[in-house]
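Keep it short and define the terms.

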Amino acid sequence: MKVIDKIEPSTKAIQLNRWTVFWAITVLTICTRYYKVTEPDHVCWDETHFGKMGSWYINRTFFFDVHPPLGKMLIGLSGYLTGYNGTFPFEKPGDKYNGTRYEGMRYFCTTLGALIMPMAFDTVYEMTHSCEAAVISTLYLLFDVGLLTLNQYILLDPILLFFMTASIWGMTKSSSLTSTGSSYTFRWWFWLFFTGTMLACTTCTKFVGLFVVMLVGLHTIYEIWIIFGDLEKPFMESVKQLTCRALALIIWPILLYLFFFYVHLVVLNRSGNGDGFYSSAFQSRLIGNSLYNASMPREVAYGAIVTIKNHKTGGGYLHSHYHLYPKGSGARQQQVTTYTHKDDNNKWLIKPHNKNVGKQIKYVMHGDLIRLEHVATKRNLHSHGELAPVTKRHFQVTGYGEDGQGDANDIWRIIMVDNKLNASVKAVTTNFLLVHYMQNCALTASGKQLPKWGFEQQEVSCNPNLRDKNAFWNVEDNKNKKLKSVNLNMYAPGFFSTFMESHAVMFQGNAGLKPKEGELTSKPWQWPINYRGQFFSGTSYRIYLLGNPIIWWSNLIFLVAFLFVSSIIVIKQRRLNGRKLRESKAINQLALPSCKPAITINENGDELSCSLKAAAWFFIGWLTHYLPFWAMGRILYFHHYFPALIYNSLLTGAMYNYLSSYLPKWMQQALFGAIISVLTYSFVLFSPLAYGMSGPLANEPNSAMHSLKWLSSWEF
């Protein structure tokens with residue numbers, strides 16, 4: 001009660017100070033974030049992708065991307081609401097906008113990036129009850145030129161970081177209300193559902209949003225465990241808390257996630273360049289696709305001109321062209337590949353294996369021996385004992401012969417997957433294998449990319465393992481004037497089928513992302529030390545994504561300090577527990593009346609405990625958003641570290657508050673002022689990286705940035 005009486009008179013002053021600082025930081029955020037937001041007036045870095053995708057949403061054109069749809073839908077919506085008509089091509093970085101209304105999309109992304117600062121301030125304040133800790137954390141984010149650069153362009157990153165920070169903010173607010181006994185109030189329910197909403201939005205922007213779902217899940221389990229261990233509360237209280245959180249943090253986000261995908265699939269209802277990544281049935285729902293409202297023969301008969309699609313997720317069309325395999329890649333015969341885009345080189349004529357197509361209609365049946373003649377080049381689909389160019393365990397597949405004439409190595413047997421005897425092959429819905437008659441191997445899409453001589457298309461090979469699921473194919477287009485056509489609308493899939501297929505294609509696309517020739521990538525070990533950045537704009541107006549080195553390197557110092565302090569506390573606690581155990585034994589043996597507690601808590605003990613506890617959760621956040629990248633086989637970039645950077649910066653504020661509390665008051669104030677001064681000065685020094693540089697590069701002595709090139713790996 002004495003502590004409470006001591007605090008109560010200054011509560012209003014504390015709150016006034018808190019909100020004064022909060023609004024000062026908000027104003028500073030607005031000034032730094034919106035400055036030069038429309039410069040440069042040309043396409044920068046990945047604006048070429050996400051600006052283009054925003055255009056496709058406005059035009060309702062279907063496309064394929066490895067990320068979930070929400071961020072791109074919001075970019076498209078912001079452009080539409082601010083007058084952008086979706087016609088700018090976004091072909092390559094450096095293209096001038098030339099009067100295009102791109103500003104609205106940049107302002108939208110910048111606004112979400114700017115909102116990170118006030119949310120971070122309130123999050124740290126709620127967890128540490130220290131205005132100084134909140135200020136340090138927020139200024140670490142505010143004055144980082146890397147975060148500033150990432151937040152000023154038409155990208156998914158500011159959207160992702162906003163939703164991620166909002167998730168942690170909501171988690172903190174609901175946790176604070178729970179700890180003060182305000183569970184089940186309107187505010188508690190609001191923040192709980194706010195957290196669930198932000199989790200759904202984060203995950204539906206990028207799949208790395210699952211990392212924050214993991215963090216909130218761990219925090220929720222911890223809270224439920226604390227409630228369960230409180231013997232003053234009934235068991236049903238734990239059940240109620242668990243039920244409420246399952247509703248708000250599991251069921252509600254899943255429903256929202258499904259809703260976002262439903263909107264995505266309804267809006268993108270017109271055929272585009274991403275159709276080929278999806279199954280024939282999926283494509284039949286897209287207006288303008290050859291399968292939409294299509295009429296074609298249901299059965300496949302000899303003499304039909306067909307396109308044959310690999311049935312695996314993201315599988316392409318069986319494709320050939322006049323180019324030959326190069327020397328050293330098997331027989332120098334015509335290349336056969338899979339290609340994910342629709343093309344005349346995807347068309348094949350189905351023929352009997354031993355005669356020409358007759359006038360009489362004859363359906364292609366399970367077990368039939370056939371030849372496939374490439375329509376454009378008049379060569380037959382062929383395999384032999386030569387090894388495949390990339391997958392050496394398989395045999396090579398080529399185009400062979402002249403004017404449809406070849407040899408016995410052109411013969412393939414059709415095996416329907418369901419093995420129905422006397423069943424005919426049907427367009428779109430029948431899955432089958434093509435088994436080579438001589439080699440007894442199955443035509444397969446190996447999933448390996450061919451080198452440049454194969455135009456980086458996918459390898460087609462013949463696999464002796466007939467159980468390979470990548471060897472399943474289906475007929476997509478089926479043209480035969482002899483047969484009556486039927487409408488294929490009845491085979492269009494429902495929402496849940498398209499939802500599941502969309503995810504399978506995205507997961508496969510993510511796993512298959514590999515660097516292009518000459519493309520600059522980075523490794524996870526390089527990120528925390530700010531080893532190398534990347535150019536956003538490489539013209540005479542240069543923008544370079546690089547973290548403020550003062551902030552990034554001092555972040556690592558506070559991270560190490562947290563690990564050191566935590567280790568010391570764990571060791572002391574272990575020794576204290578051992579001492580208590582020995583004293584307990586001594587009491588029992590010697591019947592001593594009592595013993596004094598080993599340590600006492602000072603007046604600031606609660607605040608120090610809060611700061612260290614907050615730092616622990618921020619450290620877990622940093623781990624969950626950084627360590628998984630070490631296990632990823634896909635291509636990685638420097639900007640993937642920025643979610644982890646936010647947690648590291650929040651940890652820095654909490655650890656500063658913990659460590660500085662052991663200093664005299666005058667020294668705390670001097671240190672606080674010194675840190676703010678250094679952060680401000682470092683931002684002024686490195687701000688040209690974000691706001692634009694011109695003139696010579698930093699490696700030239702006459703460059704204005706020459707003195708700031710502290711590492712040889714920095715390329716600005």
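A residue is buried when its relative accessible area is under 20%, exposed when it is over 50%, and partly exposed in between, using a 1.4 Å probe and protein chains only. This is a predicted model, in which local features need pLDDT of at least 70, side-chain atom pairs count only at pLDDT 80 or more, and totals for chains, interfaces and linings use all residues. Residues are numbered from 1 along each chain as its sequence is written, and side-chain values use heavy atoms, with hydrogens and water left out.

**A buried asparagine**

Asn474 has a relative accessible area of 2%, so it counts as buried. Asn474 belongs to strand 13 (residues 473-479). Helices (H or I, at least four residues) and strands (E, at least two) are DSSP runs, numbered from the N terminus. Contact means heavy atoms within 4.5 Å. Setting aside neighbours within four places in sequence, the contacts of Asn474 include Ser280, Thr307, His311, Val428 and Phe432.

**Cysteines**

A disulfide is a covalent bond between the sulfur atoms of two cysteines. Here a disulfide is a pair of cysteine sulfur atoms within 2.5 Å. That rule gives one disulfide. Cys441 and Cys462 form it, with their sulfur atoms 2.0 Å apart. The link of Cys441 and Cys462 is right-handed, with 95° about the S-S bond. This pair joins distant parts of the chain, 21 residues apart. Cys441 sits in the loop between strand 10 (432-436) and strand 11 (442-449), and Cys462 in strand 12 (residues 458-463). Both Cys441 and Cys462 are buried.

Cys109 is buried, at 0% relative accessible area. Cys204 counts as buried, at 0% relative accessibility.

**Nonpolar cores**

In soluble globular proteins, nonpolar side chains tend to be buried together. A nonpolar core is a set of buried Ala, Val, Leu, Ile, Met, Phe, Trp, Tyr and Cys residues joined through side-chain atoms within 4.5 Å. The largest such core has 138 residues. Phe642, Leu651, Met655, Leu689 and Phe716 touch the most other members. Helix 17 (residues 642-660) gives this core its largest share, eleven residues. A second, separate core has 35 residues, among them Val306, Ile350, Leu372 and Phe432.

Beyond its neighbours within four places in sequence, Met655 contacts Phe558, Ala561, Phe562, Val565, Leu612 and Ala615.

**Helix pairs**

Axes are lines fitted to C-alpha atoms, for helices over the stretch in contact, and angles run from 0 to 180 degrees between N-to-C directions.

| Helix pair | Axes and angle |
|---|---|
| Helix 9 (residues 157-179) and helix 10 (residues 186-203) | 8 Å apart, about 155° |

In helix 6, residues including Ile116, Phe121 and Tyr125 meet residues of helix 7, among them Val135 and Leu141. In helix 9, Phe163 and Trp169 are among the residues that meet helix 10, where the partners include Trp188 and Trp191.
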